[in-house]
Each structure stands twice: as structure tokens, then as C-alpha cells.
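Trainee: I have the model open. Take me through its charged pairs and its pockets, please.

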Amino acid sequence: MDMKAFRLDGKVALVTGAVYGIGFAIAEAYAEAGAKIAFNCRSEEARQKGLAAYKEKGIDALGYVADVTKEDEVKAMVADIEEKLGGIDILVNNAGIIKRIPMTDMSVEEFRQVVDIDLNAPFIVSKAVIPGMIKKGHGKIINICSMMSELGRETVSAYAAAKGGLKMLTRNICSEYGEYNIQCNGIGPGYIATPQTAPLREIQPDGSRHPFDQFIIAKTPAARWGTPEDLQGPAVFLASDASNFVNGHILYVDGGILAYIGKQPG
Ligand code: NAP
Ligand code: GCO
């Protein structure tokens, strides 16, 4: 096999919400594999922070202030990327939020906001890039799903509904655009140490680990939290020609959580 199939030389990649966390790690790996990087965020301050972070890694990234829930801002960003870097070959729908609120305490507005960012936005951004991919004759869309694409837990009803929906949007994009040589797959990260999960890892006043932190270590066969870097290899694979016949798949990168019934008592 020609191992160059794993390279992304000359490809144009848009990674949403990639100033830090999982998105940044994925974009960094894409740049190392040879891709040109564009990212977006919600404020000029975040954009500057992102540009500085990429520069520190020696990456010449293009940054945009564009809210992924706003179709006009997304369309303008995609048009500008196409003009400056060329047509988009790889899209990673990474931007996301979570609200941990018991369902009966959650307002309809809060539920809608999570679904808007975590599910409606991947539709909006994918819709904006697919025509360019069809024109190019190929494309890779990678949706960042979750354990909650498969499992539920207390307080995350909106997130689970959105990430479950994102799994099905992934399969539908595969079904609808596979014939145009577009592969749409998902990555389902396990519990990854990023700002999103920081509240679940806070050290307790008595110096002990957060109970949820201990629960995750016990629930994960790998016996640790994942890191954003754990997602880099899988994300490069799904963006590269090495995965050209992988379509509509959700690749769980979870240290084994979904395979494990949990620790036996005693
Ligand atoms: P994170 O540290 O909170 O980063 C999420 C990024 O998305 C932030 O940069 C955020 O920007 C951006 N964002 C949110 N709403 C946006 C919008 N409307 N427009 C543009 N950007 C927006 O999260 P992460 O842990 O890296 O997670 C990245 C993705 O992986 C998310 O989809 C998350 O649900 C998913 N995920 C995370 C884990 C985990 O354990 N960490 C596991 C499975 C899946 P701001 O700074 O403006 O908020
Ligand atoms: C939570 C977590 C999770 C993770 C991740 C798991 O509160 O349960 O934030 O939802 O972020 O999505 O895959």
C-alpha cells in the first residue's frame, strides 16, 4: 500500500470551533499531514487567540468570526475560503456545546440552543460546502458525535438528542451524497479532557477527585480520560484517501467505554 494515502497534502480543511480543545488538535494534525487550515469562532478575541495558537505551532491558518448557527455568516465564510484557499476538501463539524441541567428544569430555549449548535449547525455548514465538493469530485465530512450518540445519562437530554441526531445526519449525508464521492463519517469521542468537561474533573474542596472523574476512570477500560491528541489519528484517517470506502460510519474513540458493562462489584 502507498502510505501517501494517509497524507493530506494540498487539501483544504475547515474545522469549526477550532480555537482550542478537540477542534484545534484535529486541525493541528491536518496541518502536519499537509492540509491548509481554516477555522471559525464566535468573536474577534477568540479569532486572535486562535491565530496566535496556530502560529505558535508554525501553522498559517485562516481564521473567521462566524457563528455556525447563522447561515449567512457560514455562507460568507465558505465563499471566502474557496476564494483564498480553493474549494474545501475536508469539513469537520466540531463546534459544540453542552448544558447539564435536569430535563424538567431545562427551559425550551436552553434545549433549542443546544440542538441549534450541535445538530442544526452541522446541517447548515455541510449544506454550504457540499456543492463545492460535488464540483471538485470528492469530499470528506467528519461530524464530531459523542458517547451520547448511543447512551443517555442524567442532565444531558438536549445534548444526547442532538448528538443522536448528528449520528443520523451523518448516515443521511453518506446516503445522499456517496455517489458524488463524498464520504461522511462521525467520530464519537469518549470522555476527553477539554474545557467542555472541566467541570466534571474539578478537584473537590477536600483535595479528592470529582466523583464523576472517578466514575469515568472506572467506566473506561483504558482507565484514563482521553486527550484531544487521541483523536488526531482517527481524524486524519477519515479525512484521507485511506478511508475512501468508509462511509456513514461512526468511529468511537473512547478507550473502550461502549464495549464495557462496567466494573464488577466486590
Ligand atoms: P470545547 O472545549 O468546549 O470547544 C468547543 C468549541 O466550539 C469552542 O471553541 C466554542 O467556542 C466553539 N463553539 C461553540 N458554539 C459555537 C458556535 N455557535 N459557532 C462557532 N463556534 C462555536 O469542546 P471540546 O471538548 O473540544 O468539544 C469539541 C466537540 O467535541 C463538541 O462538538 C463536543 O460536543 C464534542 N465532544 C466532546 C467530548 C469531550 O469529552 N470533551 C466528547 C465527545 C464529543 P466558544 O469559545 O465561543 O464557546
Ligand atoms: C457529559 C460529557 C459528555 C462528553 C462527551 C462524551 O456531561 O456527559 O460532557 O457528554 O462531553 O460528549 O462522549
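**Charged pairs and pockets**

Trainee: Which residue forms a salt bridge with Arg-224?

Mentor: A salt bridge puts a side-chain nitrogen of Lys or Arg within 4 Å of a carboxyl oxygen of Asp or Glu. Arg-224 is partly exposed at 42% relative accessible area, partly exposed lying between buried (under 20%) and exposed (over 50%), with a 1.4 Å probe and protein chains only. The closest N and O atoms are 2.8 Å apart, and the partner is Asp-230.

Trainee: What kind of model is this?

Mentor: Residues are numbered from 1 along each chain as its sequence is written, chains are lettered from A and ligands numbered from 1 in the order written, and side-chain values use heavy atoms, leaving out hydrogens and water. Local features need pLDDT of at least 70, side-chain atom pairs count only at pLDDT 80 or more, totals for chains, interfaces and linings use all residues, and the model is predicted.

Trainee: How many residues apart are Glu-71 and Lys-127?

Mentor: Their side chains meet in a salt bridge at 3.0 Å, N to O. Glu-71 is in helix α3 and Lys-127 in helix α4, helices being DSSP runs (H or I) of at least four residues and strands (E) of at least two. The pair links distant parts of the chain, with a separation of 56 residues.

Trainee: About how many helical turns separate Glu-44 and Arg-47?

Mentor: They form a salt bridge at 2.9 Å, N to O. Both sit in helix α2, 3 residues apart, so the separation is about one helical turn.

Trainee: Which side chain of opposite charge is nearest to Asp-118?

Mentor: Asp-118 lies in helix α4. Asp-118 is buried, yet has no salt bridge. Lys and Arg count as positive, Asp and Glu as negative, with His and chain ends not counted. At 4.7 Å, the nearest is Lys-163.

Trainee: How much space lies in the largest pocket?

Mentor: A pocket is an open set of points on a 1 Å grid where a 1.4 Å probe fits, with protein on both sides within 12 Å along at least five of seven lines; lining residues have an atom within 4 Å of a point. Here 40 residues line it, with Asn-94, Ala-95, Gly-96, Ile-97 and Gln-196 nearest its centre. Volume is the space filled by probe spheres set on the points, and the value is about 880 Å³.

Trainee: Which element gives the most to that lining?

Mentor: Elements giving two or more residues to the lining of the largest pocket are α1, β2, α2 and α5. With 3 residues, the top contributor is α1.

Trainee: How much space lies in the second largest pocket?

Mentor: Its lining includes Met-147, Arg-153 and Tyr-260. The volume is about 160 Å³.
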